[in-house]
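Open the model in your viewer and colour it by chain. The stops below go from a sheet to a pair of helices.

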Amino acid sequence: MEFWFSEEQTPHVKLSIRVDRQLYSGKSEFQRIDVFSSPEFGRFLTLDGYMMLTEKDEFIYHEMITHVPMAVHPNVRDVLVIGAGDGGVIRELAQYPEIRRIDMVEIDPLVVEVCKKYLPQTACRLDDPRLDIHYEDGLKFVRSCEDRYDLIIVDSTDPFGPGEGLFTREFYGNCYKALREDGVMVNQHESPFYDQDATACQRAHKRIVESFPISRVYQAHIPTYPSGHWLFGFASKRYHPLKDLDEVRWNLRNLSCRYYTTTLHKGAFYLPAYVEELLKEVEG
Amino acid sequence: MKQPLDQTRAPIFEALERFRKMRVVPFDVPGHKRGRGNPELTALLGENCMQMDVNSMKPLDNLCHPVSVIREAEELAAAAFGAASAFLMVGGTTSAVQSMVLSTVQRGDEIILPRNVHRSVMGALVLCGATPVYVNPACDSRLGIPLGMRREDVAEAIRRHPKAKAVLVNNPTYYGICSDLRGIVEMAHQNGMLCLADEAHGTHFYFGEGLPASAMAAGADMAAVSMHKSGGSLTQSSLLLAGPAVAPGYVRQIINLTQTTSASYLLLSSLDISRRNLALRGRQAFAGVVRLAEYAREEINRIGGYYAYSRELVNGDSIFDFDVTKLSVHTLDIGLAGIEVYDFLRDEYDIQIEFGDLGNILAYLSIGDRERDVERLVSALAEVRRRFGRPKTGLMSQEYIEPEVAVTPQDAFYAEKESLPLRESEGRVCSEFVMCYPPGIPILAPGERITKRILDYILYAKSKGCSMTGPEDPEIGRLNVLKEV
């Protein structure tokens, strides 16, 4: 028997993963949710047929979206996480004792429920006492926040579907307002490689550049995302992602990471020439 | 008794489907022959669309003289809207409004109407030579928007012009304001006049619950209904409705004076399918629109500075009712003209709203809107205020400027004229239209005297970036005026 999950990464490119069995399939108000188990990647979650995470490579995404800002900002107390229903970002944040509050805003309660049941590897810290989960539209939640957070992590889906509002100028502007005067926003920034992703990536960068005084992009290698080459955005009111990186302080924490190191942190901001060009084009 | 018509039917659409399956070889127009002759257009619009673009013929009926499927579709539409007869229109609601006016008045007749009528009404008066009798729509001084007609003002106009043939009412205005249509219908009928309704913005009144009275329900004699606005049909498709006192054969003759003889079946079938959708699911769909609009108002008013208004304005007369699906927002208190907010939303946030005037914006909500898009609109408005808001000074709001009708629109339009620089035209009689578009309500109409206040208003609106149309001079630096004898 051949049982494969295939995602069309572009209309002309597919990624296929052999599946053992389907653990869950359901439809929420917002999207179709599936969990599969596979011999190569372990369990994996898809939304509307798009790969969200696999047990094998999710550490790369979650470490890179969390530890990069945490190694730069000297005093993160209040964190807002948008999306992230799988719990991976929360698992990483939970390792920092100085954080006193995490607001997580996920639009779809079913994603959280399904992840708690089938993906304990990422959802394991969703019971952290510092965490408040708000089930609502991220754009709506952040609209009424002012001067309230040190760090905002935008762990969104792609900008085609329910995540669309999280790639807009109004959202980034609202995030700016919601951050304290030295706040940092990090976001999932799409891929520069295939045309459609690259366009989304460029548009997001343009809007962030217009909204924040400091806006830099960094990269990671995520095998199950289209092209495997993925970007993150680092937008900030005061701290520079490299000049304000405090390696000693972060390394003294002795956190165990499998992808992130403070050396890699520095390297991640050095981008391929074509990506630099793509970004520069919209920096104006 | 006649059987109630089956609203699940869509006769034009069904006929097109039957026709497609017959695979008829076309040796008639249109020349693209089901799209084959224009592959680029077919790639753009899709084969379905091109195959439906066919000519009038026996199995598909003819809009100029409907006897089969178009006639059935019109009967279904009449039943769905509670009218005695209905006419499918393919020249926009402009043609529906003009056919309505042309069916009712002619050269020498008077027609009573509010000054904030759509330009199409004035156009009809130029065509037929009737004389407008304006009722001053009350104006809300805080919001700077024209309201409905007061009953007392209509009664006064009827008293002063007892020979007028008809009273025309906006139901509602662009901003969602309704006059007491039932009361006005009654007054008109008591005085032997017809009552006409411009319902370009009121299609949903026929299907939603808890919305203002529709023209047919209020007993009006004719109504022009923009199915393509809140009704969901294709742009340029529209409906003209008539009550029992109007002879449908004469209306058809009037329509045929100016309507195309090659009516588009894309437009006709879109009317047919939209009518079916509204008849079957309209109530539920518009309940959703009302919920979304109420939610948006609440959130916008929470931002501070903006005023998204609603039923609280109702005063029993000049604001007899309010269409709660209209999301009108007053912007002057954040220090920005409506037109400026309108431009920021598009240029900075990729959000296109219906219009911005000097003090207000209007976001058009319909059966196609999604909650997440409303969240974007509200968030963008919050950002516009944070980034661009300023103290409220030096902003002008719209005011009603009472027109002085010197000659009829037709006489003025066709009179001998000369072109003068804007500033030198004061005191002269204008021979053309000047309007801000949208909403397309004339600031000046042919035959009206040009005053200093009107000129100040035109210059201010231009400076704020309002899109001005009408005059022969596209820059609106000059106006055509009547030659002085």
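Start with the sheet in chain B: seven strands in the order β1-β10-β9-β8-β6-β2-β3 form an open sheet with mixed pairing. Strands here are DSSP E runs of at least two residues, helices are H or I runs of at least four, and both are numbered from the N terminus; two strands pair if DSSP finds at least two bridges between them. Select 85–89 and 131–135 of chain B to see the edge strands, β1 and β3, each of which pairs on one side only. On average, neighbouring strands of this sheet are turned by 20° against each other, direction ignored.

This is a predicted model, in which local features need pLDDT of at least 70 and side-chain atom pairs count only at pLDDT 80 or more, while totals for chains, interfaces and linings use all residues. Residues are numbered from 1 along each chain as its sequence is written, with chains lettered from A and ligands numbered from 1 in the order in which they are written.

Now select 69–81 of chain B. This is helix α4, which packs on the sheet and touches β1 and β10 of chain B (contact: C-beta atoms, placed from the backbone, within 7 Å). The direction of α4(B) makes about 120° with that of β1(B) (axes are lines fitted to C-alpha atoms, for helices over the stretch in contact, with angles from 0 to 180 degrees between N-to-C directions).

Last, select 11–22 and 265–303 of chain B, helices α1 and α10, whose axes come within 7 Å and cross at roughly 125°. Which residues of α1(B) meet α10(B)? They are Pro11(B), Ile12(B), Phe13(B) and Leu16(B), facing Tyr265(B), Leu268(B), Ser269(B), Asp272(B) and Ile273(B).

Technical notes: Contact = placed C-beta atoms within 7 Å.
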